[in-house]
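Reader: I would like to learn how to read helix packing and nonpolar cores in a model. Could you take me through some cases?

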Amino acid sequence: MFERSLPVRDANATNGNKDLGDLPEWDLSDLYSAPDAPELTADLDWLERECASFAADYEGKLAGLDAAELLNCVQRNEAISTRAGRIMSYAGLRYYQQTTDAGRAKFLSDLQEKITNFTTPLVFFTLELNRIEDDRLTAHFAANADLARYKPVFDRIRAMKPYQLSDELEKFLHDLGVVGDAWEKLFDETIAGLEFNVDGDELGIEGTLNLLTDPDRARREAASRELARVFDENVKTFARVHNTQTKEKEIIDRWRNMPSAQTARHLSNDVEPEVVEALRNAVTSAYPRLSHRYYELKRKWLGLDRMQVWDRNAPLPLEEPRTVPWNEAREMVMTAYTGFDPRMAEIATPFFDRGWIDAGVKPGKAPGAFAHPTVTEVHPYVMLNYLGKPRDVMTLAHELGHGVHQVLAADQGEMLSHTPLTLAETASVFGEMLTFRRMLDNAATQNQRKVLLAGKVEDMINTVVRQIAFYDFECKLHEARRGGELTPEDIGALWMSIQGESLGPAFDFMDGYENFWCYIPHFVHSPFYVYAYAFGDGLVNALYAVYEENPEGFQDKYFDMLKAGGSKHHKELLAPFGLDASDPKFWDKGLGMIEGMIDELEAME
């Protein structure tokens, strides 16, 4: 069944669009030439007819199909997903370019409603698949190798079997999905429309968050206090969105008899709850060895008695403020990719040359960064808000890694190409690591090395410690909402309950920081998404350690893993590297790499 893809990254906020060179913009014509393109109209007409025809041909009949007929049914469903995905990718990407444009918002909403209406008759497909007896399905796979290729998809669908509702209720929930989408759009439009005034400069949220990395401490403080002021003015709206979304999820989970609020995410990630719990426990128990220890070092470097929240992402005193032009950023990332394997750079090149990246910061553009795979018959698109900070170079390396992964996995076809979130971060974080190592090798002085190491440790803390803290916040939020409506103060108290624990004793927290949960999009768009970042970072650290220990043949195994897309479980994908995510020691291996970098920083003192 078609499921609208979500953006894939909440990048660190990053700096003004000046002296950066020619920043690329999307050319969406590979999807459709215009909102009124005849091809788009034709695809909508085809989709409406094919959905009705599919339901007429197959509803109530799946259990009686032979293997060849079932294969035909699956392939027709895949074609529907591809056409719907193409339409929604175009509407969604166009909207993200300018979320404050009412026409684009209406275009997206209208298409969402149409496609929801067209695809409602298809709800039976997964429900009936789950009613086919195991023995019969096994016999079908044995009889037809082309059908057996889809077994991983069937396995993921059938994992939902215990939580399936009646056909009528499933159709109702499918129709109701557009209401949840409306709350997400309210969040997006509110965030994109926020206006901040910092020392007389009128800024959007991206530019204001970027000031938290400004060398001038007074400017960082001014930005933090302005963020707190504007969040406070809008906190009732954000609290309403969170209350509504978490309540809707609680109702659906209760009707489905889901054992926890996190279960649906674990199922969609094709990961066992105990693996996630092992990751979470490994990270939280490592807080004192990672974030607490690093921020104590940073406190000394900054010459402070106490750290404030606006010092968390401050540049180091010995760091020379630097703007990296776009062409230099491209060169840095592509050199790192080529150094690992020329095939990687070859796949990445069209992103720069063919309008597959939208890099500039513009009024109304969605904040953050993501890589969107669109559909397998087209290509991915990458969105950045590039402001020339060294961290922006790492974000480019990250999102381009996603893009390379999505291109390689496309040969699996629409239903098998999409990688569970836990593995979707692999190529992106690996791309960052390659770029970082290249920069570290080229460091000319001890100070440059120190700045690079500290920056990488901060990024890893943001990816591992911060995201697991986010996960803990979400767990508390969803649990608390089950007890009734939450006030903004209630949500703020939950937020603060995890901040001190994760960041450590070096920090004080200003009044207003309790509302900084407001702007994190994943809490609204995709609950419990955030642990995938920590999973991906830990996995890549372990992978990179294997690469360093035994580089022979690593590249081919790595490419095979990316090409597999969603066709294999994480256990199967990691086995060629001698790794197993279900082993608690696996996470310690990844966290040990961060610890080793902090050891090196301490030794430099």
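Predicted model: local features only at pLDDT ≥ 70, side-chain atom pairs only at ≥ 80, totals over all residues.

Reader: How are two packed helices described, and at what angle do the axes of α2 and α3 cross?

Author: Two packed helices are described by the angle between their axes and by the distance between those axes. Here the axes of helix α2 (residues 67-97) and helix α3 (residues 102-119) come within 9 Å and cross at roughly 160°. Angles over 145 degrees count as roughly antiparallel, and α2 and α3 are therefore roughly antiparallel to each other. The crossing of α2 with α3 is left-handed.

Reader: Which residues of α2 and α3 meet?

Author: On the α2 side they are A84, I87, M88, Y90, A91, G92, R94, Y95 and Q97, and they meet R104, A105, F107, L108, L111, Q112 and I115 of α3. Sorted by class, this contact of α2 with α3 holds 11 nonpolar, 3 polar and 2 charged residues.

Reader: Are α13 and α27 roughly parallel or roughly antiparallel?

Author: The axes of helix α13 (residues 291-302) and helix α27 (residues 584-603) come within 10 Å and cross at roughly 30°. That angle makes α13 roughly parallel to α27, and their crossing is left-handed. In this contact R293, Y294, L297 and W301 of α13 meet E595, I598, D599, L601 and E602 of α27. The contact of α13 with α27 has 5 nonpolar, no polar and 4 charged residues.

Reader: How should I read a nonpolar core, and which residues have the most contacts inside the largest one?

Author: In soluble globular proteins, nonpolar side chains tend to be buried together. The largest nonpolar core in this model has 141 residues, and those with the most contacts inside it are Y294, I357 and W517. Helix α24 (residues 531-549) gives the most to this core, with 11 residues. Apart from it lies another core, of 54 residues, including L31, Y58, I132 and F141.

Reader: What does Y294 touch?

Author: Leaving out residues up to four places away in sequence, Y294 touches W301, L316, A454, V457, E458, I461, I598 and L601. Among these, I598 and L601 belong to the α27 side of the contact with α13.

Reader: Is E170 buried or exposed?

Author: E170, which lies in helix α8 (residues 167-193), has a relative accessible area of 10% and is therefore buried, since buried means under 20%. Beyond residues up to four places away in sequence, E170 touches V123, L127, Q164, L165 and R256.

Key: Residues numbered from 1 in each chain as written. Heavy atoms only, no water. Axes fitted to C-alpha atoms, helices over the stretch in contact; angles between N-to-C directions. Helix = DSSP H or I, 4+ residues; strand = E, 2+ residues; numbered from the N terminus. Parallel < 35°, antiparallel > 145°, perpendicular 65-115°, else oblique. Left-handed = near helix turned anticlockwise from the far one by under 90°. Contact = heavy atoms within 4.5 Å. Nonpolar A, V, L, I, M, F, W, Y, C, P; charged D, E, K, R; others polar. Core = buried A, V, L, I, M, F, W, Y, C linked by side-chain atoms within 4.5 Å. Buried < 20%, exposed > 50% of the residue type's maximum accessible area, 1.4 Å probe, protein only.
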